[in-house]
Amino acid sequence: MIDEIEHKLKTRHLRIEDYNALREISKRVYKGVAPPWTEKELEYLIDKFPEGQICIEDNGTAVAIALSLIIDFSLYGDQHSYNQIVSDGTFKSHDAEGDYLYGIDVSVDPEYQGMRLGRRLYDARRELAENLNLKGILLGGRISGYHKYAKKMSAQQYIQKVKNKELYDPVLSFQLSNDFHVRNLLDDYWPGDHQSRGNAVLLEWINIYYQKKTKLIGRTKSIARLGVVQWQMRRFDSFSDFMQQVEFFVNTVSNYKADIILFPELFNAPLIHTYEGNNPAEAMRMLAGFTEDLRQAMTEMALSYNINIVTGSVPQLREDGKLYNVSFLCRRDGTWDSQTKIHITPDEDVSWKFSGGHDLKVFDTDVGKIGILICYDIEFPELARIQTLKGMKMLLVPFWTDTKTGYLRVRRCAQARAIENECFVAISGSVGNIPKVETMGIQYSQSAIFTPSDFSYPHDAIASEATPGIETTLITDLDMDLIKELRSQGSVRNIESRRNDLYKLRWLNDESKE
């Protein structure tokens, strides 16, 4: 009779249900060194990078775990601390667009030592790095045997003797045997690791299959040239005349090799005069009859003029019978998407009967991730923060205001969003007047592009701004990579410094569709 196999090992991704097993392993492995990860920390980690959290189970119970992040190594360099990487358990250093897998923990249940589970975990990490086309794997390796020799030799001398196999270190010797090589000593890497006297070794495994991600064409641009239209409200005889003026601006801005052009909120409102005799709400619903033709025409312009177009906003009548205020993103690759205005002002409700949308989006473009918030929505800081947490670096705000007081609400809030979210914010509005068009008689605007406030940006955090009250355009270059650098190395770091242990921002409508 054949004896039943005792162990049934399986390598898989870690799940939150594995937390109790992880806690017990950590208690035993890091006894006297560090407390176990909390359940909330593990939840953060799995949410940010589920592919990077690996475990080996035996008959359904996790017995070995490996945790990791992706980092942009240029932001940390050869001298950094463990806490800079794990950010007090918030893992804010994780960057899906980074270049290295960074190992933050490998733990094997002591009862399973000798079964080479650590080697299996390292093999799984290498496979992950290769599949993600990362340059390699980095980790701050403990030198847990150093405390025995600290009075006799320096940490550098100890590391060299371990490399030369004159000494054996339980952690470093294992890592060197797994094809890692020493980059340098990390002083004061983990002060709580008394066995290592706070030191660690920056170790690197090089992915020989890595292919440089540079693309000669079709790459995400690091410098985005943004064109912002300050639009003159005027009476147009027809939809065709209106689109001719739109095309003039698209053509003009594209001639300056701009990547994106932004129009104002409800910039097609002058066509309302063609529905004289109807009340404002009826006229706005009738104006929505032009929306599909406008979207189609501007999608074709985006292709023809090789520029991404944010169509300001226009009324859209949907199958539910409700009227929405919608901004379209018409990409120059022929695709399009939309963002609906979420918050409706009291006047918009009374005069035009607009309904608020339910989805908040972040859009992928060839200049990076952008967001759109229409006018009143910029006055709700939660929206821009949620977009930022989804990777947004540029926020585009089409607005319409009739007076300077209304304009200043939009402007001041847009400036605040740029600073608190460490992103660029552009606002585009209308000027002039439209006689005999009820609720749309006057407009006030000074379109502008705002930046974060730090040494790398203009001293007043304004990249450019238009002269109030005239029709014109702004064309400005924005360094999208600088946003990434600011968020990790700025004088202050609003995103990184958030106290996730005290408060949390959550979008409640993730599952709903408009």
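Which helix is A281 found in? I started my notebook there, and the answer is helix α8, residues 280–287. A reminder to myself before going on: this is a predicted model.

**Entry 1: A281**

Then I checked what A281 touches, leaving aside its neighbours within four places in sequence, and found S351, W352 and K353. I also took V250 as a reference point. A281 and V250 are 31 residues apart in sequence, and C-alpha to C-alpha they are 30 Å apart in space.

**Entry 2: α7 and α9**

Helix α7 covers residues 239–255 and helix α9 covers residues 291–305. The two pack at an angle of about 25°, and their axes are 11 Å apart. With under 35 degrees as the cut-off, I can therefore call α7 roughly parallel to α9. I noted the crossing of α7 and α9 as right-handed.

Next I traced the strands. Seven of them form an open sheet, and I read the order as β1-β2-β3-β4-β5-β7-β6, with mixed pairing. Which strands are at the edges? They are β1 (9–13) and β6 (181–186), each of which pairs on one side only.

I zoomed in on the β1 end. Strand β2 is residues 54–58, and β1 pairs with β2 in the antiparallel sense over five bridges. Within that pair, I found K10 opposite E57 of β2.

**Entry 3: helices on the sheet**

What lies across β3 and β4? I found α1 there, running at about 85° to β3. Then I followed helix α5, residues 155–163, which packs on the sheet and touches β6 and β7 (200–206). The direction of α5 makes about 165° with that of β6.

I also went through helix α2, residues 39–48. Its buried residues are E41, L42, Y44, L45 and I46. What do these buried residues pack against? I listed three elements: α1 (19–29), β3 (61–71) and β4 (100–108).

**Entry 4: positive phi**

Last, I checked two loop residues for their backbone angles. R116 is not a glycine, yet I read a positive phi of about 60° for it. R116 sits in the loop between β4 and α4 (117–131). Is R116 buried or exposed? At 59% relative accessibility R116 counts as exposed, because the cut-off is over 50%.

N306 is also not a glycine, and its phi is positive at about 55°. I placed N306 in the loop between α9 and β10 (308–310). With 47% relative accessibility, I put N306 down as partly exposed.

Key. Residues numbered from 1 in each chain as written. Predicted model: local features only at pLDDT ≥ 70, side-chain atom pairs only at ≥ 80, totals over all residues. Heavy atoms only, no water. Buried < 20%, exposed > 50% of the residue type's maximum accessible area, 1.4 Å probe, protein only. Helix = DSSP H or I, 4+ residues; strand = E, 2+ residues; numbered from the N terminus. Contact = heavy atoms within 4.5 Å. Pairing = 2+ DSSP bridges. Axes fitted to C-alpha atoms, helices over the stretch in contact; angles between N-to-C directions. Parallel < 35°, antiparallel > 145°, perpendicular 65-115°, else oblique. Left-handed = near helix turned anticlockwise from the far one by under 90°.
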